[in-house]
Amino acid sequence: MLDLIAAQRLDPGTVMMWRLQRLVRLIIMGIPTLIAIGYAASTVFRFELVIVLVLTMVAINVVFAMFWPALEYNAFRYMVREQDLLVQTGVLFRRWSAIPHNRIQHVDTRQGPLERVFGLSRLLVFTAAGMSADGSIPGLRTEDAERLRDLLSRRGGDDGV
Amino acid sequence: MRNASGTCCLGAGATMVSNSDDTPDDTPDDAVEPTEAFVPGDLQAELPTEEARRVKPAALDDGPTRSMPRIQPPGTIGNPTEQPAPEATVGIHLEELEVSETVGFHLEISETVGLHLEEAEPLPTEPSLQRSPPLDTGSAGTLHEAETILVKDTPWQGLHPISLAVNLVPRAWNTIRSMWPILLFVVIGGEGAGIGFIELFVILLFTLASVWNTFVHWVTLRYRIHNGRLEITSGLLNRRARTIDPARIQNVELVQNLFHTWAGLVELRIDTAGESSTEGLLSALSVEDATALRNTLAEIGSLAAASRDDAQESTPLVTMGWAEILAFGLTQRTIGTVAVLTAVGLEIMNQAGPELTADFTVNMQPAMIVAAFMLAFVASWTVSALSSVFRFFGYRMIRLPDAIRTEQGLTTKRRVEIPLSKVQMVRADEPLMRRLMGYGTLLIETAGLGVIEGQMRQAEGMVPMVERQKLGYIAAQAVPHAEVDPWTAELKPAHPRSLYRSIVGASIRAGLLISLAFTFLGPLKWVTLAVLPISLVGAWLDWRKQGWLVTPTAIVSRRGFFNRRTFILSRDKLQSIHFVQGPLMRLHGLSCLVVRVAGSQISLPETGAEDTAWLMVEMGQQSA
């Protein structure tokens with residue numbers, strides 16, 4: 001659906017940000033979980049074996065956190081067309097979304113702490129379809145995100161509800 | 001800054017929300033522009049109706065758009081002079097200004113408004129209405145007299161006095177019913193222990209609380225039509241005020257339970273797309289009041305024309321006879337469920353262990369066990385048949401010029417009106433049993449997310465039993481713009497590779513089940529081998545019966561064999577379009593189209609590359 005030449009990509013800084021996000025998540029959530037599991041497992045298996053296993057898991061996760069964001073970045077495209085917003089996303093599970101401008105109810109920009117460091121923002125596009133955002137574009141330069149937000153939220157029309 | 005935002009509030013009821021997060025570093029001319037446009041005096045002259053306000057920004061639109069290129073701070077959005085299409089925002093915020101829901105938002109409003117009201121003379125802005133006690137209608141009313149309002153404002157009205165009695169019993173009963181375990185405990189074992197008194201006291205306390213709630217609800221609830229909107233306020237300590245734009249009403253439901261019937265009252269439930277719970281607000285109005293309110297809402301809103309009582313005489317599209325009502329109840333539980341339940345029950349009996357089985361066999365013959373099961377099934381069927389009678393007695397569906405009305409119920413009578421313009425989707429359920437009887441069920445869905453009596457409502461409108469030949473016709477009544485009849489039109493089949501996928505999936509699932517059975521089950525394990533062919537045939541049948549159709553006006557998707565569902569939606573209701581492809585689907589070159597409408601989403605069967613490409617082009621044009 002996306003004309004890949006005309007489509008736009010995210011800010012290149014996104015890759016680094018996603019890597020850091022994954023690392024932070026790994027440190028906060030993943031490693032304690034692994035340690036807990038390892039602790040439980042050490043009652044059954046030999047301690048050295050458990051240590052090796054946990055370390056391997058951590059290493060795999062770190063490697064994954066390093067290369068996966070690049071793939072995600074490569075897979076992501078978006079394009080604002082005359083009538084709609086197109087978003088292509090997903091490495092394994094690919095998803096193309098088209099959101100007509102006149103169906104957009106509101107547009108949010110959001111920024112987490114890491115995103116603020118990188119000067120990036122997320123853009124969430126909501127329609128009347130449901131509670132969750134219909135389209136989401138992570139990793140836009142904040143000023144781009146705000147410009148896009150204003151652009152998208154400007155169009156009116158029948159919302160079909 | 002305070003002042004500036006205060007004026008903005010007056011400018012447009014809706015925009016003040018976003019305006020309140022104006023950053024102080026606004027450029028000076030930004031701060032000036034709105035004040036120039038909305039000098040309070042100017043405002044007073046024509047603040048007026050919503051329509052006037054909508055026009056105003058449009059006229060000013062040309063100037064400020066130049067500011068678009070120079071990137072504005074977030075404040076831009078909320079700036080009323082620069083909002084070419086405020087409808088969306090206005091709609092969102094005015095649709096339901098409910099304080100309890102988004103506290104953060106509306107607290108801000110009330111703050112600003114409160115401030116403003118102290119500073120200046122009270123102007124009839126939306127928020128001031130919302131906050132003001134019901135008593136000061138006089139002043140607000142006179143202020144509005146000069147304006148061009150489509151519908152005359154009504155004075156504040158309250159619930160019918162008998163509502164106290166009508167609401168009391170059900171509420172108290174609900175409270176008691178929710179505490180039945182304690183009650184059971186008291187009745188059975190509580191005596192002697194002296195615990196009974198405390199428990200009973202607790203129950204009494206809760207009952208009294210619910211009585212008190214009913215009383216407060218009756219005393220404080222006030223509603224009126226004001227500025228073309230329905231306003232409802234209630235609550236003593238936690239005050240709630242709700243403003244409903246009649247154009248946003250998804251459907252109106254008139255409910256009359258036994259108490260209502262005896263007292264000649266009726267409950268009016270108004271469903272908008274935003275609120276999940278519609279119950280209990282206008283819980284007891286006199287029939288005249290309810291009809292009057294409904295008619296007024298119809299005049300200004302999306303509902304059908306006001307004088308519709310003559311529709312009573314028009315012939316209903318669908319009615320239900322006793323046989324059909326009972327058949328509906330009996331087919332609620334499909335053969336599949338019964339079979340599974342039987343199997344599970346038998347398995348539990350076998351697995352319960354030799355001691356337990358021995359225990360059972362001492363006390364009870366196997367034949368008796370089987371008989372008990374049969375009895376259970378008969379009982380469950382009876383219950384569902386009975387509940388079907390209670391729900392659908394006297395069912396009829398009437399097509400009004402621009403709405404659909406259904407009436408149903410034995411003790412609790414319901415009358416639902418759905419404006420045709422609000423119908424998002426029609427779903428036809430044809431479970432195998434019902435299909436064999438030559439019937440199907442139609443569900444008419446709007447954007448309202450209803451929670452009725454504690455459970456998620458499937459659909460706003462329901463036609464329980466429709467003869468198969470009439471399904472297409474009735475569905476077309478509900479979605480007239482779709483112009484398609486899936487029961488006569490030829491649907492496109494799912495891709496052959498999709499069959500391959502589902503067969504592989506079914507075999508894997510069956511294999512897992514069988515291997516589990518072989519590890520854990522006793523002699524019965526051989527029976528589970530039958531799962532494999534059954535699931536394979538099931539997968540094939542499911543695939544065979546899938547179909548989709550995309551016409552310039554409609555999208556049709558049909559899934560499933562045992563519980564066949566057909567979705568029909570009009571393309572002008574589409575909210576967004578998605579193509580989804582998993583890794584395995586990519587392997588086969590398949591993808592799946594998912595379309596979302598307000599309130600629900602449907603997916604088409606898996607399509608091959610060619611069809612997908614066609615769909616992409618076709619749906620791309622849709623966005624126009």
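A residue is buried if 20 or more other C-beta atoms lie within 10 Å of its own, exposed if 12 or fewer, and partly exposed in between, with C-beta atoms placed from the backbone. By that rule B:Asn227, which has 21 other C-beta atoms within 10 Å, is buried. The structure is a predicted model, in which local features need pLDDT of at least 70, side-chain atom pairs count only at pLDDT 80 or more, and totals for chains, interfaces and linings use all residues. Residues are numbered from 1 along each chain as its sequence is written, while chains are lettered from A and ligands numbered from 1 in the order in which they are written.

**Chain B overall**

- Chain B has 26 helices and 22 strands; helices (H or I, at least four residues) and strands (E, at least two) are DSSP runs, numbered from the N terminus.
- Of its 624 residues, 37% count as buried.
- Among contacts in chain B with a separation of 6 or more, 64% are between residues 24 or more positions apart; a contact means that the C-beta atoms of two residues, placed from the backbone, lie within 7 Å.

**Helix pair in chain A**

- Helix H1 (residues 13–41) and helix H2 (residues 47–75) of chain A pack at an angle of about 160 degrees, with axes 9 Å apart. Axes are lines fitted to C-alpha atoms, for helices over the stretch in contact, and angles run from 0 to 180 degrees between N-to-C directions.
- H1(A) is therefore roughly antiparallel to H2(A); angles under 35 degrees count as roughly parallel, over 145 as roughly antiparallel, 65 to 115 as roughly perpendicular and the rest as oblique.
- The crossing of H1(A) and H2(A) is right-handed, the term for a near helix turned clockwise from the far one by less than a right angle, with anticlockwise being left-handed.
- The contact of H1(A) with H2(A) has 19 nonpolar, four polar and three charged residues. Ala, Val, Leu, Ile, Met, Phe, Trp, Tyr, Cys and Pro count as nonpolar, Asp, Glu, Lys and Arg as charged, and the others, Gly among them, as polar.

**Helix pair in chain B**

- The axes of helix H23 (residues 496–520) and helix H24 (residues 531–545) of chain B come within 9 Å and cross at roughly 155 degrees, which means that H23(B) is roughly antiparallel to H24(B).
- H23(B) and H24(B) also cross in a right-handed sense.
- Residues of H23(B) including B:Leu499, B:Ile503 and B:Leu513 meet residues of H24(B), among them B:Leu536, B:Trp540 and B:Trp543.
- By class, the contact of H23(B) with H24(B) has 12 nonpolar, five polar and two charged residues.

**Sheet in chain B**

- Six strands form an open sheet in the order E16-E13-E12-E19-E18-E17, with antiparallel pairing; two strands pair if DSSP finds at least two bridges between them.
- Strands E16 (461–467) and E17 (547–550) stand at the edges with a single partner strand each, so one side of each has no neighbour in the sheet.
- The twist from one strand to the next averages 15 degrees.
- E17(B) is joined by four bridges to the antiparallel strand E18 (residues 554–559), where B:Val556 is the bridge partner of B:Leu549.

**Single residues**

- B:Asn227, in the loop between strand E2 (222–226) and strand E3 (229–234), has a positive phi of about 55 degrees although it is not a glycine.
- B:Glu483 also has a positive phi, near 50 degrees, and lies in the loop between helix H22 (468–478) and H23 of chain B. B:Glu483 counts as exposed, with 12 C-beta neighbours inside 10 Å.
- B:Glu610, in helix H26 (residues 609–622) of chain B, is exposed with 10 C-beta neighbours inside 10 Å.
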